[in-house]
Amino acid sequence: MINPPPPYGAYPPPPYGDPSSPYGAYPPPYGAYPPPYGGYPQATNALAIASLVCAFVFAPLGIAFGHISLSQIKKNGEGGRGLAVAGLIISYVVTALTILVLVWAVIFIIALGRSLEEFDQGMTSNHTATPTQPADALPLPPFKPPATLGSNCQYPSTTEPASKPAKPPRTGRVPTDPAFISAGITTNRGGIGLQLDNAKTPCTVNNFASLAQQGFFDGTTCHRLTATPALGVLQCGDPSGTGQGGPGYRFPNEYPTNQFRLTDPLMKVPMLYPRGTLAMANSGLGTNGSQFFLVYKDSVMPPTYTVFGTIDQTGLATLDKIAAAGVADGGDDGKPNQDVTIKSVRLA
C-alpha cells in the first residue's frame, strides 16, 4: 500500500539541531550566548585615570593609584593599563625631580644659615675695626655719585629694642641739597663743630639730623676711646654706654662703601681715614644705627664705615685733650680716662 503524500508535500527536515530528536534541537532563543559581557568594550579602570591625573597634582598619590590600578586590571580584565603605566612613569619622574629640588633647597638654606651666622657673629659688638698699621695705607676712593643716591632711604627695625626712645627718620627720597649742613656737639669737655656731608651721604645725614632733633644724643656718654698706632678715634652715640645700644633700627652704608662692589677685594683693605673725619660705627655692612666716631688722628680701616662729615679745628682741639688723658685702664682701647658726656647735638 502506498502511503499518500503529506497534504503539502514532504515534511522538511527540522531547521535546527538533530533530526532524530522528536522536536529537533531547539536553538538558544537568540543564538549562542557570548562570553561575559559579550562583545561590549571593556570598562576603563577608574584608578588608572586617577593615577594619570595625580601625576601632575600630587605625584606620590599618582604612584599609589598606578600600582593599585595595575593590580585591579590584571585581576578583573578592565581597560586602562596604558593610562596606569603613563601615570606611574610621570609620577616617578615628578617625584624624583621634587626630591632633587628639595635637596638643593636644603643645601642652599644650610649655606645661607652659615653665612647669616658669620654675619651675626660680626654683630656681637658694635665697634670700629682695629687693623694693623700698614706701611702705606690707600686713600679713600674719589666720590662718584651712585645713580640711586638718596632715592630710597630705608630704616628697618632691628630685633634689639632702642636704647632710648626714638622714631626712625623719614624714608624714601632724601634731597642732597644743600651739600653741607652745619652741626655742633656740646660736651662737658668742650665743643665739637661738624660739617655734615649731605651731598655724599644723604641717608646717613638724614638719620643723624633726625636723632639730633629728637634729643637722642643728649645726656649720653662717649663710651670708647681708641689710641693705637693704627686707630685714633672717640666713639659716641650709644645711650646705654655699653657699645651695644642703638635706636632700634638700622640702615645701609653709603660712601665710601658704595664705591665698591661687595665682592671687591679692596673692601677688606685698610684705607686712610684722615684726622678730622666723622664716620658711622657699625658691626657689619648695613648695621648703621646711632653710634658714630670722631677721628682725631689719621687712622686706617677697611672702607666699610660711612664717612658723613668732618670735624672743625675747635672740635679737634677738644678731641686732642680727651685723647691726651688716655684710656681709663691705662690700655689703648676702652673707656676714656676723662668721662665725656654729650650735653646736646644741634643743627646750625
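**Reading the sheets, loops and confidence of a predicted model**

Analyst: Strands β6 and β9 run antiparallel to each other and are paired over five bridges. Keep in mind that this is a predicted model.

User: What makes β6 and β9 a pair?

Analyst: Two strands count as a pair if there are at least two bridges between them. β6 and β9 have five bridges, so they pass that test.

User: Why is β6 called mostly covered?

Analyst: A residue is buried when its relative accessible area is under 20%. In β6, five of its five residues fall in that class. Both faces are covered: Gly232, Leu234 and Cys236 are buried on one side, and Val233 and Gln235 are buried on the other.

User: What makes β2 and β3 partners within it?

Analyst: The bridge count again, against the cut-off of at least two. Strand β2 (residues 180–187) and strand β3 (residues 190–197) are antiparallel and share eight bridges. One example is Ala183, with Leu194 as its bridge partner in β3.

User: Which strands are at the edges of the three-stranded sheet, and why?

Analyst: That open sheet has the order β1-β7-β10 and mixed pairing. β1 and β10 (299–301) are the edge strands, since each has a single partner strand, so one side of each lacks a neighbour in the sheet. Between β7 and β10 there are three bridges, and the two run antiparallel. Met271 has Met301 as its bridge partner in β10.

User: Is Gln291 buried or exposed, and how do you know?

Analyst: Gln291 has a relative accessible area of 1%. Buried means under 20%, so Gln291 is buried. Gln291 sits in the loop between β8 (277–280) and β9 (292–297).

User: What makes the link between Gln291 and Gln235 a polar contact?

Analyst: The limit for such a pair of N or O atoms is within 3.5 Å. The side chains of Gln291 and Gln235 are 2.8 Å apart in their polar contact. The side chain of Gln291 also makes a polar contact with that of His223, at 3.4 Å.

User: And Pro145: buried or exposed?

Analyst: Exposed means over 50%. Pro145 has 56% relative accessibility, so Pro145 counts as exposed. Pro145 is in the loop between β1 (138–139) and β2. Its C-alpha atom is 8.8 Å from that of Ala199, which is 54 residues away along the chain.

User: Where are the cis peptide bonds?

Analyst: One joins Asp177 and Pro178, with omega about 10°. Pro178 belongs to the loop between β1 and β2. Another joins Tyr255 and Pro256, with omega about 5°. Pro256 is in the loop between β6 and β7 (271–273).

User: What is the confidence of the model, and where is it below 50?

Analyst: The mean pLDDT is 86, and 82% of the residues reach 70 or more. Residues 119–125 are below 50, and that stretch has ten contacts beyond near neighbours in sequence. Residues 127–131 are below 50 as well, with 21 such contacts in the model. Where pLDDT is low, the predicted coordinates should not be read in detail.

Key:
Residues numbered from 1 in each chain as written. Predicted model: local features only at pLDDT ≥ 70, side-chain atom pairs only at ≥ 80, totals over all residues. Heavy atoms only, no water. pLDDT = per-residue confidence, 0-100. Contact = heavy atoms within 4.5 Å. Helix = DSSP H or I, 4+ residues; strand = E, 2+ residues; numbered from the N terminus. Buried < 20%, exposed > 50% of the residue type's maximum accessible area, 1.4 Å probe, protein only. Polar contact = N/O pair within 3.5 Å; in protein donor to acceptor, adjacent residues only side chain to side chain.
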